[in-house]
Structure formats: C-alpha cells, structure tokens
Amino acid sequence: DFDFLLKTRMPGDSWESCINKDRLTNKLEMLRLVYEELIERTREYAGKPEIKIITHTYDLAIPSMVGFKLFNAAPLGKSWMGPFLSDKGIKDPMEQQQIVKHILGKFREMLLEIQTKFPDRFYVVDTWGSVKNDQWLNEIHPTPEGFKAVAERMAAKLRELWEPR
C-alpha cells in the first residue's frame, strides 16, 4: 500500500505534503485493530494465559530501485518504495528517506501505544538503528549482517522476558 499513501509532488511541495496523511491514519488504524485482535485471539484461544507476543519496529529502510533477487541472482520483482516515490515526483534521496522515516515512525508509535494497552502480553522491540546503511540487501531486506543486528536486539528482549531473575 506504499504508493496509496503518497501524493504526487507539485512544484513547491515539501516532502511532508507528499504523504496522504488521511490514508496513512486510516491504514495505521486498520493495522492497530488487526494487532489488537491478534492479541485478544491469542488470549482467548492459545490455552496459555502467560503467552507473550513480541514484535519489532522495523528499521529505517533506504528507498532504491533495486528489487528482490532470489539468492541474489534471480530478480523477482521491482522494489517496494523507490519506484513509487519516483513516479510521484519525489526524486531526492534525502526526502525519500524522510518520507519513509515519517511513515515508519507513525507505525512505530502505533505499536508502542498498543504495548501500553497490553502490558505483560505485547512487547515491542525497538529495532530502529539496528541495520547500518551498508547492511541493506535491498529496500526492505537486510544483509545477513543486518539481520543479525536485528536478531540480537530481539534475542536480548527474549532473554529479558524468560530468563530467571
């Protein structure tokens, strides 16, 4: 839905004005409801009242025109953000990153709000800043080193939650 969240850039527009804020708000509300239903369904049907759900905030992906390649060889499609940003007239890489940061920042805020609503059940690991700029395989997939950095933050949270104190 990334393209649906963008507006075509007009002369004089800032990067912020290229985000359809109403659509972003609606999408985030839909996602919030899905997460909350998942939490409630887990509570209702998992058979383990102590079950915990752990998620993460993603990281600040860098828009590009490089799509996913299976085993780094066979192209399987175009990229997820770069072409849409370019098609909407948003060509400056720094502005593209600002848009991604804004959208993912709102997603991050939404997750953290859910965490406060469901303490001791829903945990958000803040993975912003885990993946270095040179650790991106493409727009949304880190390299093995990048995945390791994210996994280390997730593992730290798991240890915190389950290791005896």
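**View 1. What covers helix H3.** The cover over the buried residues of H3 includes helix H1 (21-45), strand E1 (53-56), helix H2 (82-87) and strand E4 (122-125); contact here means heavy atoms within 4.5 Å. Helices (H or I, at least four residues) and strands (E, at least two) are DSSP runs, numbered from the N terminus. This is a predicted model, where local features need pLDDT of at least 70, side-chain atom pairs count only at pLDDT 80 or more, and totals for chains, interfaces and linings use all residues. Residues are numbered from 1 along each chain as its sequence is written, and side-chain values use heavy atoms, with hydrogens and water left out. Among the buried residues of H3 are Gln 96, His 102, Gly 105 and Phe 107; buried means under 20% relative accessible area (1.4 Å probe, protein chains only).

**View 2. The start of H3.** Asp 92 caps the N-terminal end of H3, with a side-chain oxygen 2.9 Å from the backbone nitrogen of Met 94.

**View 3. The largest nonpolar core.** This set of buried Ala, Val, Leu, Ile, Met, Phe, Trp, Tyr and Cys residues, joined through side-chain atoms within 4.5 Å, has 32 residues. Those with the most contacts inside it include Phe 2, Ile 99 and Phe 122. H3 gives the most to this core, eight residues. Phe 2 touches Trp 80, Met 81, Phe 84, Leu 85, Ile 99, Val 100 and Ile 103, leaving aside residues up to four places away in sequence.

View 4. Leu 24, Leu 28, Arg 32, Tyr 35, Glu 36, Ile 39 and Thr 42 are the buried residues of H1, and they pack against E1, H3 and E4. After H1 comes Gly 47, with a positive phi near 75°.

How values were computed: Buried < 20%, exposed > 50% of the residue type's maximum accessible area, 1.4 Å probe, protein only. Polar contact = N/O pair within 3.5 Å; in protein donor to acceptor, adjacent residues only side chain to side chain.
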